[in-house]
Amino acid sequence: MKSKVSYSRYVIIVTTIISVVLFAGCIATVKNEVAFFPLLSIYLILIVFSLLYAPFYITADNNEIILGSILRRKKIQMRNVESVQLFQPTMGAIRIFGSGGFMGYWGIFREGDIGRYYGFYGKASDCFLIRMKNGDKYVIGCAQPGKMADYIRSQIRN
């Protein structure tokens, strides 16, 4: 099963504003090397990390769950999954490392009721929680969270 990640309006607005401001800043400072190169470096670092880690799609089959970005795929072995349930992260989640809106929500977060987790979603209302046998947790979002969670649940029972 495959499902794309859908983004909230907040994610789209934050991504657009940051991209436009950094791009415009680079254009405006192109003749000022002291300002241009640090600004360009920040812009390139954001883009590279986003291409590597920003949520784009989720795929699941009987062996693994794949969290797909544009340039990278993270595989979660189905045999290591303990449980899956629908889950909605709150705005109170603390971002430890990653993005809290620029090209989605991705990275490591901490939330009061579930603790530390790896986030990979574009819209908080479209998420589910995967608990691993080793204690790791993943909050994953896609356009069809209920169907994806049911599919993964059916695969871990087999």
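Trainee: Is Phe56 buried, partly exposed or exposed?
Mentor: This is a predicted model, and the values are computed from it. Phe56 sits in the loop between helix H2 (33-53) and strand E2 (57-60). Its relative accessibility is 34%. Buried needs under 20% and exposed needs over 50%, so Phe56 counts as partly exposed.

Trainee: Which residues form a nonpolar patch on the surface with Phe56?
Mentor: A patch residue needs over 30% relative accessible area. Phe56 has 34%. The patch has about 470 Å² of accessible area together.

Trainee: Which elements give two or more residues to the lining of the largest pocket?
Mentor: The lining consists of Ser8, Tyr10, Pro89, Thr90, Met91, Ala93, Arg95, Gly100, Tyr105, Phe109, Tyr121 and Ala124. Arg95 and Gly100 fall within 94-101, and Tyr105 and Phe109 fall within 104-111. The elements are strand E6 (94-101) and strand E7 (104-111).

Trainee: How do the residues of that pocket lining divide by class?
Mentor: Arg95 is in the lining, and Arg counts as charged. Ser8, Thr90 and Gly100 are there too; Gly counts as polar. The division is eight nonpolar, three polar and one charged.

Trainee: What is the volume of the largest pocket?
Mentor: A pocket is an open set of grid points. Its volume is the space filled by probe spheres set on the points. For the largest pocket that comes to about 260 Å³.

Trainee: How much space lies in the largest cavity?
Mentor: In a cavity the probe fits but cannot get out. The count comes to one cavity of 30 Å³ or more. The space in the largest cavity is about 30 Å³.

Trainee: Which elements each supply at least two residues of the lining of the largest cavity?
Mentor: Leu52, Tyr53, Leu67, Ser69, Arg72, Lys74, Tyr118 and Phe120 line the cavity. By class, five are nonpolar, one is polar and two are charged. The elements asked for are H2 and strand E8 (115-121).

Trainee: How many salt bridges does a search of the whole structure find?
Mentor: Side chains of opposite charge can pair when their charged atoms come close. Another joins Arg153 and Asp150. The search finds two.

Trainee: Where do Arg153 and Asp150 lie?
Mentor: Arg153 is partly exposed at 21% relative accessible area, and Asp150 is partly exposed at 46%. Their closest N and O atoms are 2.7 Å apart. The two residues are three apart, about one turn of the helix. Both lie in helix H3 (residues 145-157).

Trainee: What pattern does the chain follow along the sequence?
Mentor: The chain has three helices and 10 strands. Its C-alpha atoms fill a box of roughly 60 × 30 × 25 Å along the principal axes. Read along the sequence, the pattern is β-α-α-β-β-β-β-β-β-β-β-β-α.

Trainee: What share of the residues is buried?
Mentor: Buried means under 20% relative accessible area. Asp126, at 14%, is buried. Of the 158 residues in the chain, the buried share is 41%.

Note on methods: Residues are numbered from 1 along each chain as its sequence is written. This is a predicted model: local features need pLDDT of at least 70, side-chain atom pairs count only at pLDDT 80 or more; totals for chains, interfaces and linings use all residues. Side-chain values use heavy atoms; hydrogens and water are left out. On a 1 Å grid over the protein atoms alone, a cavity is a set of points where a 1.4 Å probe fits but cannot get out, and a pocket is an open set with protein on both sides within 12 Å along at least five of seven lines; lining residues have an atom within 4 Å of a point. Helices (H or I, at least four residues) and strands (E, at least two) are DSSP runs, numbered from the N terminus. Patches are made of residues with over 30% relative accessible area and no salt bridge: like charges are joined within 9 Å, nonpolar side chains (Val, Leu, Ile, Met, Phe, Trp, Tyr) within 5 Å. Accessible areas come from the Shrake-Rupley method with a 1.4 Å probe; for residues, only the protein chains shown count as cover. A salt bridge is a side-chain nitrogen of Lys or Arg within 4 Å of a carboxyl oxygen of Asp or Glu. Buried means under 20% relative accessible area, exposed over 50%, partly exposed in between (1.4 Å probe, protein chains only).
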